[in-house]
Amino acid sequence: MMANSVAALSAQDEDMRTRACRLYSETLTLFTRRIIEARDSGEIDEDIDPESTARALIAVRQGIEFLHKAGLSAEELQRAKNAALEMIERSVGR
């Protein structure tokens with residue numbers, strides 16, 4: 001929903017742009033905290049940069065949402081999800 005609203009309204013609505021930026025910041029903080037917890041508990045490699053990883057995860061999530069809304073077949077969408085998961089698993093090293 002956020003992606004649709006931002007895409008449709010942000011170019012013409014400063015309030016929407018402000019809200020979208022705030023939501024992104026809150027999501028980034030939430031993801032970063034969870035990644036720090038995972039790193040500190042040994043679930044993922046200790047050399048992972050939590051904030052960079054959080055940004056990448058948000059981008060992957062938005063990309064998958066875009067593919068879904070673009071009407072990709074269920075099989076192709078699953079392939080994209082699997083590829084993203086494989087990439088994430090390789091990058092976190094555990």
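I began with helix α4, residues 74-92: its 19 residues reach 27 Å from first C-alpha to last, close to the 27 Å expected at 1.5 Å a residue. The expected span is 1.5 Å times one less than the number of residues. Helices (H or I, at least four residues) are DSSP runs, numbered from the N terminus.

I noted the ground rules. The model is predicted, so local features need pLDDT of at least 70 and side-chain atom pairs pLDDT 80 or more, while totals for chains, interfaces and linings use all residues. Residues are numbered from 1 along each chain as its sequence is written, and side-chain values use heavy atoms, with hydrogens and water left out.

Next I looked up burial in α4. Leu77, Ala80, Ala84 and Val92 are its buried residues. They sit on the same side of α4, because they cover an arc of only 95 degrees around the axis. The arc is taken from the directions from the helix axis to the C-beta atoms. Buried means under 20% relative accessible area, exposed over 50% (1.4 Å probe, protein chains only). The face turned away from the buried side carries exposed Glu75, Arg79, Glu89 and Arg90. What do the buried residues of α4 pack against? I found α3. Contact here means heavy atoms within 4.5 Å.

I moved on to α3. This helix has 20 residues and reaches 29 Å between its end C-alphas, close to the 28 Å expected. Pro50, Thr53, Ala54, Ile58, Ile64 and Glu65 are buried in α3. These cover an arc of only 140 degrees, which puts them on the same side of α3. Ala59 and Phe66 are exposed on the other side.

I checked the ends of α3. Aspartate 49 caps the N-terminal end, with a side-chain oxygen 3.1 Å from the backbone nitrogen of glutamate 51. Glycine 71 follows α3 and has a positive phi, near 95 degrees.

I then picked threonine 32, in helix α2. Is this residue buried or exposed? Threonine 32 is buried, at 12% relative accessible area. Leaving out residues up to four places away in sequence, threonine 32 touches Pro50, Glu51 and Ala54.

Last, I listed the largest nonpolar core: Leu28, Ile35, Ala38, Ile44, Ile48, Ala54, Ile58 and Val92, eight residues. α2 (14-40) and α3 (50-69) are the elements giving two or more residues. α2 gives the most, with three. I define such a core as buried Ala, Val, Leu, Ile, Met, Phe, Trp, Tyr and Cys residues joined through side-chain atoms within 4.5 Å.

Notes: Polar contact = N/O pair within 3.5 Å; in protein donor to acceptor, adjacent residues only side chain to side chain.
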